[in-house]
Amino acid sequence: PLVARYLGAAGGGDEAALWHRMGDLGYVDAAGRLWFCGRLSHAFRTPQHGLVLPLCAELLFLDEPGVEAAALVGIGSPRRFVGVVLAAYSGPRYGPWGEDHAQKLLARAAGTRWEGVVQLVLPLPSLPMDLRHNSKIDRLQLAAAVAPRVAPLLASASRPPLLRTED
């Protein structure tokens, strides 16, 4: 809810229509609940799936054993889109991932709006964090860091579902 002093400060108008811009994406469902879908700067479009809201898609993968954090990033530009990578941090208490683990993660999206969106799983020893909020993943920095490595694989028809960090 907005702070009471903001209400009516815009010079009259309908207070129920007042929104506060924060750079976040969300929607109000039929029950009147506000759903947070992540930052506008982290959203991207794919030719096959349209608008992808990473935070909404990442929730599918976060309760998989061995996944402590996940970030979905688009690689490429709107005119030359390459693909979508799920970067995952497993932490030191889990062993190395195999292709079966990557397949399990990819299968989690089956039957959902996110089916087929993720094309490559990239386990990482850490994920870059936003300097202002040490609890938020910096998806823009992550995409820029992994793009040179993953773009050729995403463009290949014979790509593996898992890119090991030592590859």
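**Figure 1. Asp29 in the loop between strand 1 and strand 2 of the predicted model.** Asp29 is buried, its relative accessible area being 18%. The loop that holds Asp29 runs between strand 1 (24-28) and strand 2 (34-39). The side chain of Asp29 makes a polar contact of 2.7 Å with the side chain of Trp35. Asp29 counts as buried because its 18% falls under the 20% limit for that class.

**Figure 2. The aromatic pair of Tyr27 and Trp35.** Searching the whole structure gives one aromatic pair. In this pair, the ring centres of Tyr27 and Trp35 are 6.5 Å apart. The ring planes of Tyr27 and Trp35 meet at 15°, so the pair is stacked. Tyr27 is partly exposed, with 44% relative accessible area. Trp35 is also partly exposed, and its relative accessible area is 39%. Besides pairing with Tyr27, Trp35 has the side-chain polar contact with Asp29, at 2.7 Å.

Figure 3. The side chains of Asp24 and Arg39 make a polar contact of 2.5 Å. Asp24 and Ala43 are 19 residues apart along the chain, and their C-alpha atoms are separated by 9.8 Å.

Figure 4. Thr46 is buried, with 7% relative accessible area.

**Figure 5. Cys37 and Cys56, two cysteines without a disulfide.** The structure has zero disulfides. For Cys37, the closest cysteine sulfur is that of Cys56, at 3.4 Å, which is too far for a bond. A disulfide needs the two sulfur atoms within 2.5 Å. Cys56 is likewise in no disulfide, and its nearest cysteine sulfur is that of Cys37. Cys37 is buried, at 3% relative accessible area, whereas Cys56 is partly exposed, at 23% relative accessibility.

**Figure 6. Arg113 and the ring of Trp114.** The charged end of Arg113 sits over the ring of Trp114. The distance from this charged end to the ring centre is 4.5 Å.

**Figure 7. The whole chain, for orientation among the close-ups.** The chain has 167 residues, and 35% of them are buried. Three helices and seven strands are present. Along the sequence, these elements follow the pattern β-β-β-β-α-β-β-α-β-α. Of the contacts between residues at least 6 apart in sequence, 54% join residues at least 24 apart. The accessible surface of the chain is about 10500 Å². Carbon and sulfur atoms account for 56% of that surface.

Technical notes: Residues are numbered from 1 along each chain as its sequence is written. This is a predicted model: local features need pLDDT of at least 70, side-chain atom pairs count only at pLDDT 80 or more; totals for chains, interfaces and linings use all residues. Side-chain values use heavy atoms; hydrogens and water are left out. Buried means under 20% relative accessible area, exposed over 50%, partly exposed in between (1.4 Å probe, protein chains only). Helices (H or I, at least four residues) and strands (E, at least two) are DSSP runs, numbered from the N terminus. Contact means heavy atoms within 4.5 Å. Accessible areas come from the Shrake-Rupley method with a 1.4 Å probe; for residues, only the protein chains shown count as cover. A polar contact is a pair of N or O atoms within 3.5 Å; within protein, one must be able to donate a hydrogen and the other to accept it, and residues adjacent in sequence count only if both atoms are side-chain atoms. Rings of Phe, Tyr and Trp (its six-membered ring) pair if their centres lie within 6.5 Å; planes under 30 degrees apart count as stacked, over 60 as edge-to-face and the rest as tilted. A charge sits over a ring if NZ of Lys or CZ of Arg is within 6 Å of the ring centre and within 35 degrees of the ring normal.
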